[in-house]
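Please view the structure below before reading on.

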Amino acid sequence: MKIQIIAERKGAKPVVVDVPDDITDSAPFHVDVDGRKYVARWSQRASSLVISPVTDPAREPSDNPAEYSIPVRSMRTTRFPGESEATCDIECVLPAGSGPGRATTLRASAQRFIPGLSHTTGGPGGRPAKGMRNPVLRSQITGKVLNIQVAEGAIVDEGAPLLVIEAMKMENRIVAPAKVRIAAIKVKQGANVSAGDELMRFEAAEA
Amino acid sequence: MATSRFKRVLVANRGEIAVRVIRCLKELGIQSVAVYSDADESSMHIRLADIAFRLPGRVSAETYLNIPAIVRAIKATGADAVHPGYGFLSENADFAEAVAAAGARFIGPTPESMRLMGDKIAAKNLMKKTGVPVVPGSDHPMESADEIKAIAGQTGYPLILKAAAGGGGRGMRVVRRDEDLGPALDACQREALAWFGNPAVFCERYIERPRHIEIQVLFDEHGNGVHLFERDCSVQRRHQKLVEESPSPFLDQSQREKLGETAVKAARAAGYTNAGTIEFICESPEKIYFMEMNTRIQVEHPVTETVTGVDLIRQQILVASGEKLPFSQKDIVLRGCAMELRINAEDPARGFAPAPGRVPQLVFPAGGNIRVDSHMYPGYTIPSEYDSMVAKLIVSAPTRAEVIARVQRALGEMQIAGVPTTAKFHEALLRHPAFLRGDVTTRFIEEEQGWFDAMFAGSVEGGQIAEDAAAILAALAFRATTNTGPATPETARGTRAHDEATTRSRWADAARLESMRR
């Protein structure tokens, strides 16, 4: 399975990772990152990845020395229906150049790599507006809709307050990601929402 | 073994502090009573307690803040004392009186001390009279903008207006010029009435970039009292503390001792008993002012326990049962350095948005001088009804530099699957030069937001292999959403939360924030 990864940090270039469709827990497998070859073992139970670069392609996986151990604290993927792209949040300790590695955070977008197709963003509902990554606004939080500050059809500026969701004793203000028209409001005041639930749909502010 | 006269203590709280208090009760040979809401029915504190009592309902107002319901629990279980923990009813004098009326002891100060210190104007005036430095400002509620203008004439701008009954960073307004005084006073009075039921507002000089330093005190009911040195809690976001440490890198030994003596004097003036904390606002080591007194145990008490060796919860219980403090001031020695990091179920990369949910896999760090206070267990579901703090990591070492190295090591070992946490904030913080120097104010996180945001996006320092390892992990994470694979023992066993998720439609299921079932 070829997967295209784009890290969110500045200057990061897309890479294509080729991983086997079937991976047995803790068993070695070959993986290719933009042509660089590794032997890896992934243990879900231990939450740990071990990799070693393959210097001689003819060498058997079990013969590889110098394995790097990468303990993973948390790996989460957010992917919504109808969207090809997912966001991966990873917290782990990567091998360091010198000295022991330190825990770090990584965020990347991932999608199936299909040769000839460029990386696209956006979900159902057509072409996203300028500056608008996604026409669907989803709740990042499980909580309760305290109030809704816009009406359907309204055109709002980037950063304009849209609604407030209460969770864990905190009031969380959700703001417009760009200048958009509110095409539809999918929740009512007082409703309980789960993370991932659709809150609103946007359209381009200019027709 | 147990010398305490208490036989059965009810813990009127939940989460990690309920676990902390119940552990201590066990060590004292005292029976523990847990109360729990419907949202907490599979909580760790029930498992550890000897007796449990259900408080019907999910929201705090119906359960942990419901005085009649907790009084029923006291009577039904025959508890002879109540530990309130922190938050909820811990600083509610009416609750302390209701506990006494139910025939049980309230483990904390008297209702009179709680009321006195809860009124910020009265507390400030008492401190001034006692000779404790206070921030220059008004000593009575403000009625008009002109009255405040007169005070501004003496103290200068900026000024801060505060609700006399306020707390937690609410009901405050900073004013920088005469014209803004009228509207600010109106708004502040309205908020004070809405949030605290009391429109009284006072004003004082606003300190722009302060440090937050607090002193732990402990008094018995026989007139003996000690301080247990300071905690520096300057790393805050919107008045919520994220890291606390002792000693403060800001004070030298003589300043430390002087501030401790000031705190003992202040608590004595209030006729205080049991454990309490005096919070100070620090402009410079020479300009340190009384801010408020917290009449309860605090979240960050383990920092003080670690550097002094005193079990504060144990002393709270013994003092409330009438025992004398087993030590005096000269016995309290500060050894080494300790730091507490709050692990909250919040995503620092998304504006600290709360993130309740299931934690399929959980491993806390271990090794010497590491303590974790938490109510989580593998498979626990963090409810959305309550505070987001789910664990406290407390680390100690002889020096601050060694503490920081140990915290970095410990964070790397910690495994919390399923939900984002403030652990990633702490990792970024531990790389910030100002924090490493011990040079931060309460405005630090706000001022350095851009720096933190860049860190949250990720940093890879190990060259090509680290870069590729990161990409492989992202690919494995993505693969898990496209390929559900065979059921693991965890999914086969299932939990209620998981069953609910699997009975939803596959679309709805896919829409949830998915985690690899590790």
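How many Å apart do the C-alpha centres of domain 1 of chain A and domain 2 of chain A lie?

## Domains of chain A

The C-alpha centres of the two domains are 34 Å apart. The model is a predicted one. In the domain assignment of chain A, domain 1 covers residues 2–112, and domain 2 covers residues 136–204.

## Contact between chains A and B

Chain A contributes 65 residues to the contact, and chain B contributes 56 residues. On the side of chain A that touches chain B, the largest share comes from strand β6 of chain A (residues 68–78), which supplies 10 residues.

Sorted by class, this side of chain A holds 39 nonpolar, 15 polar and 11 charged residues.

## Helices α6 and α9 of chain B

In chain B, helix α6 spans residues 120–130 and helix α9 spans residues 253–269. Their axes come within 10 Å of each other and cross at roughly 120°. An angle of 65 to 115 degrees would count as roughly perpendicular, and one over 145 as roughly antiparallel; α6(B) and α9(B) are therefore oblique to each other. The crossing of α6(B) and α9(B) is right-handed.

Which residues meet where α6(B) and α9(B) are in contact? From α6(B) come Leu126(B), Met127(B) and Thr130(B); from α9(B) come Lys265(B), Ala266(B) and Ala269(B). By class, the contact of these two helices comprises 4 nonpolar residues, 1 polar and 1 charged.

Note on methods:
Residues are numbered from 1 along each chain as its sequence is written. Chains are lettered from A and ligands numbered from 1 in the order in which they are written. This is a predicted model: local features need pLDDT of at least 70, side-chain atom pairs count only at pLDDT 80 or more; totals for chains, interfaces and linings use all residues. Domain bounds come from an automatic or database domain assignment. Axes are lines fitted to C-alpha atoms, for helices over the stretch in contact, and angles run from 0 to 180 degrees between N-to-C directions. Helices (H or I, at least four residues) and strands (E, at least two) are DSSP runs, numbered from the N terminus. Angles under 35 degrees count as roughly parallel, over 145 as roughly antiparallel, 65 to 115 as roughly perpendicular and the rest as oblique. A crossing is left-handed if the near helix is turned anticlockwise from the far one by less than a right angle, and right-handed if clockwise. Two residues are in contact if their C-beta atoms, placed from the backbone, lie within 7 Å. Ala, Val, Leu, Ile, Met, Phe, Trp, Tyr, Cys and Pro count as nonpolar, Asp, Glu, Lys and Arg as charged, and the others, Gly among them, as polar.
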